Amino acid sequence: SDLYMAGSLGIGTTSLTGISLFISKNLTGATTSYGIANSSVAQSDVTSNVYNYNSNIGTQATAFTLNAMMHYRATQGTIGAGSTVNNQYGLLLTSTLTGATNNYGITSQIPAATGAWNLYMSGTANNYMAGALGIGSTSVGGTTGFTGIRVSANLTGAVSAYGIASRGQVQS
């Protein structure tokens, strides 16, 4: 049966100011524990799309400025004195995510516009990619035996056009 609630819900907390759903409960009881576990099964009548988590944030129709709208955010909590965390993942897509005809780890469909980026890494940490990388080409890796960077782009109309450009000095 359906359950409807008009107010806020707190689990493990009574502080709900500005919060619709607040879960603040110790994770305990097993060597592996989940804050939220959603294990849905799409039934045969669902033939178009399944959205297990769908973020759809809007704003009120009035003049105001919102500094930032974040649909999903990972923030470091307190790692208690004496405890050690070996690995931490902001977003983990496991190796089992391969059951469909096409499997995409992360897909962005943001169209080209001023201030729009499909991929924007502003952190100063190094970046690592284990597989082949295609820029303007999907013919990388797989059966082609290609294991580097493949650039396939129309580089006309510029005084200087580079497929891959690198500037820097070797530091010793």
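Mentor: Gladly! Start with Tyr 4, whose side chain makes a polar contact with the side chain of Asp 2 at 3.3 Å. A polar contact is a pair of N or O atoms within 3.5 Å; within protein, one must be able to donate a hydrogen and the other to accept it, and residues adjacent in sequence count only if both atoms are side-chain atoms. This is a predicted model, where local features need pLDDT of at least 70 and side-chain atom pairs count only at pLDDT 80 or more, while totals for chains, interfaces and linings use all residues. Residues are numbered from 1 along each chain as its sequence is written, and side-chain values use heavy atoms, with hydrogens and water left out.

Trainee: Is Tyr 4 buried or exposed?

Mentor: Buried means under 20% relative accessible area, exposed over 50%, and partly exposed in between (1.4 Å probe, protein chains only). Tyr 4 counts as exposed because its relative accessibility is 72%. Across the 172 residues of the chain, 2% count as buried.

Trainee: How many helices and strands does the chain have?

Mentor: Both are DSSP runs numbered from the N terminus: helices are H or I with at least four residues, strands E with at least two. Here there are zero helices and four strands. Tyr 4 sits in the segment before β1, and Thr 13 lies in the loop between β1 (9-11) and β2 (21-23).

Trainee: Which residues does Thr 13 touch?

Mentor: Contact means heavy atoms within 4.5 Å. Leaving aside residues up to four places away in sequence, Thr 13 touches Phe 22 and Ser 24. The side chain of Thr 13 also reaches the backbone nitrogen of Ser 15, at 3.1 Å.

Trainee: And how do I read a pocket?

Mentor: Rolling a probe the size of a water molecule over the atoms shows where empty space is left. On a 1 Å grid over the protein atoms alone, using a 1.4 Å probe, a pocket is an open set of points with protein on both sides within 12 Å along at least five of seven lines; lining residues have an atom within 4 Å of a point. The largest pocket is lined by 21 residues, with Ile 106, Thr 107, Asn 118, Leu 119 and Met 121 nearest its centre.
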